[in-house]
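Please find below a briefing on the structure shown here.

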Amino acid sequence: MTGIKTITATAPKIGIVVTMWVFGLALLALFAWATQWRTTASVPTAESASSPATAATPTSTSAPALAALTAGLEQDATSALASLQAGRRSDATAAMDAAYRLAQVGQENTSGPLKTQYVSTLDAIKSARQALWNGNPDQAEADLTTAGEALDSAVNDTQTATDPEAPPQAVWDQYDGAQLLAADGRVIGEVDSIDNPADPTVHLHIGNGTGVFGFINLGGHTTTVPLDQVVWGRRQILGNVYAVLTTTPSVAAG
Amino acid sequence: MIELGWLAFLAEAWFVIPFYAIGVLGALWVVWDAYHVNTPLKTAMRWAWPIIVLFFGPVGLALYFLTARAPGIGSAEDDEKMERHNAYVRANWFRQTTGAVIHCVGGDGIGIITAMILARIAQVSFWQEWWFEYLAGYLFGTLIFQYKSMTMMTDSWPRAMWMAFRGEWFSMLAVMAGMGLVMGVVTPLTITAQPYPWTYGFWGFAALGLFIGFLLTYPMNYLLIKVGYKHGHGMDMEH
């Protein structure tokens with residue numbers, strides 16, 4: 001009888017513990033899904049954006065990588081400004097974050113007058129974000145206008161600029177796991193590895209379930225592209241390492 | 001994209017400054033009250049309530065009065081205070097559970113916010129920040145608040161430590177899910193991602209994150225009390 005009493009007393013307790021596990025893990029899964037959804041969502045494109053939509057999503061493999069990145073950045077900045085002016089705050093912030101990511105990569109890959117324009121753009125976008133952090137959307141609009149002006153010159157200059165040099169083989173492994181961005185700044189996956197020194201290629205993992213909790217890949221597919229189709233951001237241990245894929249990749253089995 | 005612009009007030013001075021002014025003054029008053037008037041509060045609760053009031057402002061003060069401070073305790077004699085306190089805080093599941101949630105979120109909260117400040121200054125990535133906050137919140141919550149509370153339930157410190165880790169484990173899952181939702185979704189869609197600690201938005205959304213964590217961990221703490229892994233308010237424990 002004592003054994004039966006023990007079992008009947010323990011069963012509800014096990015049930016509660018199981019419920020706690022399920023509830024806790026379900027909450028974490030919900031949070032992870034929502035975060036991935038927000039991170040990988042398409043960057044909203046404002047109807048009033050002055051740039052043609054095709055400029056932000058280049059598909060031509062012949063387009064210079066830096067020009068594609070700059071066009072995407074200009075579209076994001078324009079969309080952010082238009083959305084902010086139209087009162088669509090969430091669209092505006094998504095575009096601003098995308099622009100911020102691209103501007104960081106662009107600044108790392110330019111030199112001379114073009115770098116100056118990129119520095120001005122990045123500073124203006126930083127200032128716009130800071131303005132929103134302090135509840136000042138009017139200042140953010142002014143800063144985004146400044147960013148757009150700096151980008152007007154940059155767009156012209158990238159037509160004649162040469163694409164940045166590929167990273168040397170010695171640092172290739174430092175890009176393993178780098179966050180992969182599309183030319184419009186949205187997160188589309190991560191870099192698996194770079195190999196084949198004779199004809200450098202980049203192995204990419206593309207999908208919305210990439211980098212969940214920072215290290216889990218759920219679904220998606222792998223693909224391989226030539227090294228020169230990717231613009232590489234700053235390598236760092238703390239903080240995001242970005243790589244911008246400036247073409248639409250073909251899907252490979254993976 | 002969902003529209004969260006209506007939450008932009010959390011980054012505006014007119015809201016953040018008075019909210020935290022109430023929080024700071026309220027927290028100072030709660031410290032005084034816990035040591036001079038509402039003396040039956042357990043030590044861990046005396047530490048946790050000021051943190052909660054600091055970050056939850058008027059909501060924190062309301063919770064303190066509704067769940068932790070028996071009416072008329074100021075005029076009660078010393079030996080009568082404990083009796084009144086226990087009768088009040090054990091009267092229903094709401095006060096019991098709130099007690100458990102308070103010393104969870106209070107402990108976690110101070111660790112999470114400290115980690116968040118450091119992470120934003122270092123400009124780490126979102127997931128690096130989230131894991132750092134998880135670790136800091138878990139350690140603060142377990143080693144300081146939960147452990148202190150569990151020492152009242154057992155004389156064995158290893159057992160108290162085990163009980164603290166066990167209780168905190170489940171609470172923290174829910175707290176960091178709530179905090180993460182605000183950090184990873186709500187804040188970026190309102191004011192862009194990862195604001196710096198010297199901006200209003202940081203503090204406004206930090207408070208919101210802790211509050212969502214508080215709400216999500218509430219049912220978890222109810223279950224923790226049910227299963228006997230934690231207790232709520234009250235000085236002497238049955239477990």
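Chain A is built from six helices and six strands, and 36 of its residues are in contact with 42 residues of chain B.

**Confidence**

- Chain B has a mean pLDDT of 91, and 97% of its residues reach 70 or more.
- In residues 235–239 of chain B, however, the pLDDT is below 50. Beyond near neighbours in sequence, this stretch has 10 contacts in the model.
- Where pLDDT is low, the predicted coordinates should not be read in detail.

**Fold of chain A**

- Read from the N terminus, the elements of chain A follow the order α-α-α-α-α-α-β-β-β-β-β-β.
- Chain A has 254 residues, of which 46% count as buried.
- Among the contacts in chain A with a separation of 6 or more, 62% join residues 24 or more positions apart.

**Helices α4 and α5 of chain A**

- Helix α4 of chain A (residues 89–108) packs with helix α5 of chain A (residues 112–133) at an angle of about 150 degrees, and the axes lie 9 Å apart.
- Because of this angle, α4(A) is roughly antiparallel to α5(A).
- The two helices, α4(A) and α5(A), cross in a left-handed sense.
- On the α4(A) side, the contact includes A:Thr93, A:Met96, A:Ala99, A:Tyr100 and A:Ala103. On the α5(A) side, the contributors include A:Tyr118, A:Val119, A:Leu122, A:Ile125 and A:Leu132.
- Sorted by class, the contact of α4(A) with α5(A) consists of 10 nonpolar, five polar and two charged residues.

**Helices α1 and α2 of chain B**

- Helix α1 of chain B (residues 13–36) and helix α2 of chain B (residues 43–67) cross at roughly 130 degrees, and their axes come within 8 Å.
- That angle makes α1(B) oblique to α2(B).
- The crossing of α1(B) with α2(B) is right-handed.
- Residues of α1(B) in this contact include B:Phe19, B:Gly23, B:Gly26, B:Ala27 and B:Val30. They meet a set in α2(B) that includes B:Trp49, B:Pro50, B:Val53, B:Gly57 and B:Leu61.
- The contact of α1(B) with α2(B) comprises 16 nonpolar, four polar and one charged residues.

**Interface between chains A and B**

- The contact between the chains involves 36 residues of chain A and 42 residues of chain B.
- On the side of chain A that touches chain B, α1 (2–40), α4 and α5 of chain A each supply at least two residues.
- The largest share of that side, 14 residues, comes from α1(A).
- By class, the side of chain A that touches chain B divides into 17 nonpolar, 12 polar and seven charged residues.

**A:Asp176, a loop residue of chain A**

- A:Asp176 lies in the loop between α6 (137–160) and β1 (179–181) of chain A.
- A:Asp176 counts as partly exposed because it has 13 C-beta neighbours inside 10 Å.
- Leaving aside residues up to four places away in sequence, A:Asp176 touches A:Val191, A:Asp192 and A:Ser193.
- A:Asp176 and A:Val241 are separated by 65 residues in sequence, and their C-alpha atoms are 9.4 Å apart in space.

Terms used:
Residues numbered from 1 in each chain as written. Chains lettered and ligands numbered in written order. Predicted model: local features only at pLDDT ≥ 70, side-chain atom pairs only at ≥ 80, totals over all residues. Axes fitted to C-alpha atoms, helices over the stretch in contact; angles between N-to-C directions. Helix = DSSP H or I, 4+ residues; strand = E, 2+ residues; numbered from the N terminus. Parallel < 35°, antiparallel > 145°, perpendicular 65-115°, else oblique. Left-handed = near helix turned anticlockwise from the far one by under 90°. Contact = placed C-beta atoms within 7 Å. Nonpolar A, V, L, I, M, F, W, Y, C, P; charged D, E, K, R; others polar. pLDDT = per-residue confidence, 0-100. Buried ≥ 20, exposed ≤ 12 C-beta atoms within 10 Å, placed from the backbone.
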